[in-house]
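Please walk through this protein model with the sequence at hand.

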Amino acid sequence: MIGFRDAFSKSPWLLHYDASSCNGCDIETLACLTPLYDVERLGVINTGNPKHADIFLVTGAVNEQSRDVIKNIYHQLPEPKVVVAVGICACSGGIFRECYNIAGGVDNVIPVDVYVPGCAARPEAVIDGVVKALGVLESKQREMVALADSIDKVVYLRAAKIDAPELLALQRIAYQSEAELYGDDSLPALQQTLEELEEDFERRPQREVALLGVRGTEAEDPADRVVFLKAVVNGKIIGSVRGYAVDGTAYLSRMMVHPYFRRRGIGRRLLDEVEAAFPHVGRFEAKTGHQSKRNLFQLTQRGYQVFKQEPFTPAITWVYLQKQPAGAPPSASSKN
Ligand code: SF4
């Protein structure tokens with residue numbers, strides 16, 4: 001019987017996207033499926049559904065039209081996944097590199113694991129690239145299994161600006177299920193850019209009086225900034241949450257856990273840690289989408305109560321929840 005881990009190499013599912021190819025590389029890629037090469041006999045399936053795919057194979061250079069499509073497809077592939085750039089256009093932009101409408105190779109938009117050069121890349125080279133991709137896929141799978149096996153060794157730390165790229169990548173993976181839930185990817189978490197996220201590390205919340213206590217110390221550093229926490233295992237960030245205090249209220253946001261590590265208590269522990277980072281506030285506030293049952297359940301289990309609902313888009317309504325920490329004096333800004 002084929003084990004779960006072997007299944008990747010025995011039958012990889014592949015999604016092919018033409019970013020702006022001249023069709024040369026597409027024809028060579030599709031030739032791999034014809035009777036001469038017949039990669040299906042080796043278990044390779046060309047699927048049209050990114051959620052079923054392990055390998056994202058891209059031909060052609062990136063242009064303004066394909067840039068967002070590539071990102072969108074990439075984020076829909078489940079983890080672990082690998083990206084194969086087929087043809088010199090996909091690898092670097094090729095002969096179109098200097099064109100006004102070309103943004104270069106695929107790695108300008110998403111991380112690429114395997115490069116298959118050539119113009120056009122021959123079917124043998126495409127197959128070779130896919131075989132190399134399987135090796136990468138297996139090592140990513142092993143890494144994720146190792147992370148899952150060390151789940152009891154998760155540490156919860158303050159994140160710093162240097163973590164912004166990894167946090168943003170996690171954010172895009174973690175919020176994909178929310179976008180699917182609402183059929184709407186206009187969620188701010190999915191729209192945020194790296195520059196905006198890096199700015200958040202510098203931003204001071206607007207406030208009159210705030211004291212974001214760092215546990216055990218009165219902050220000597222500029223602690224009146226947004227607090228970023230991260231859950232780390234084996235050096236990888238698998239969860240995060242943010243919070244900031246304004247006028248005695250701590251606002252908690254962007255609570256996220258990598259889909260592979262959900263339902264293991266990481267979200268609960270992150271909420272414990274972020275609440276503990278604000279020992280002096282009289283009120284906590286959080287918000288989530290109206291259909292995000294898991295978030296609503298988790299927050300109400302912790303004593304949060306709904307006090308307001310506000311439409312965000314036709315598909316999404318924000319639900320605002322609040323709670324008072326045990327022993328906190330009634331907050332002037334409490335919004336019952
Ligand atoms: S590498 Fe050559 S064949 Fe492939 S898409 Fe670019 S120009 Fe066409």
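**From one aspartate to the whole chain**

Apart from its neighbours within four places in sequence, Asp 163 is in contact with Lys 230 and Ile 237. The model is a predicted one. Asp 163 sits in the loop between β6 (155-158) and α6. Its side chain makes a polar contact with the side chain of Lys 230, at 3.0 Å. Asp 163 counts as buried because its relative accessibility is 10%, under the 20% cut-off. Leu 197 lies 34 residues from Asp 163 along the chain, and the C-alpha atoms of the two are separated by 10.0 Å.

Helix α3 comes next. Which of its residues are buried? In this helix, residues 64-76, they are Ser 66, Ile 70, Ile 73, Tyr 74 and His 75. An α-helix has 3.6 residues a turn, so residues three or four places apart point the same way. The cover over the buried residues of α3 includes the strands β1 (13-18), β3 (55-59) and β4 (82-86), along with the helices α6 (164-174) and α7 (176-182).

Now to the ligand. The residues around it are Ser 21, Cys 22, Gly 24, Cys 25, Ile 88, Cys 89, Phe 96, Gly 118, Cys 119 and Ala 120. Two helices, α2 (24-31) and α4 (88-92), each supply at least two residues of this shell. By class, the shell has 7 nonpolar and 3 polar residues, and no charged ones.

How many disulfides are there? The count comes to 0. Cys 99 is in no disulfide, since the nearest cysteine sulfur, that of Cys 89, is 9.4 Å away, and a disulfide needs the sulfur atoms within 2.5 Å. Cys 99 is partly exposed, with a relative accessible area of 32%. Cys 25, from the shell around the ligand, is buried, with a relative accessible area of 11%.

Last, the chain as a whole. The protein chain has 11 helices and 12 strands. Of its 336 residues, 49% are buried. Among contacts with a separation of 6 or more, 71% are between residues 24 or more positions apart. The chain exposes about 16800 Å², and carbon and sulfur atoms supply 53% of that area.

Notes
Residues numbered from 1 in each chain as written. Predicted model: local features only at pLDDT ≥ 70, side-chain atom pairs only at ≥ 80, totals over all residues. Heavy atoms only, no water. Helix = DSSP H or I, 4+ residues; strand = E, 2+ residues; numbered from the N terminus. Buried < 20%, exposed > 50% of the residue type's maximum accessible area, 1.4 Å probe, protein only. Contact = heavy atoms within 4.5 Å. Areas by Shrake-Rupley, 256 points an atom, 1.4 Å probe, with all protein chains shown as cover. Near = heavy atom within 4 Å. Nonpolar A, V, L, I, M, F, W, Y, C, P; charged D, E, K, R; others polar. Polar contact = N/O pair within 3.5 Å; in protein donor to acceptor, adjacent residues only side chain to side chain.
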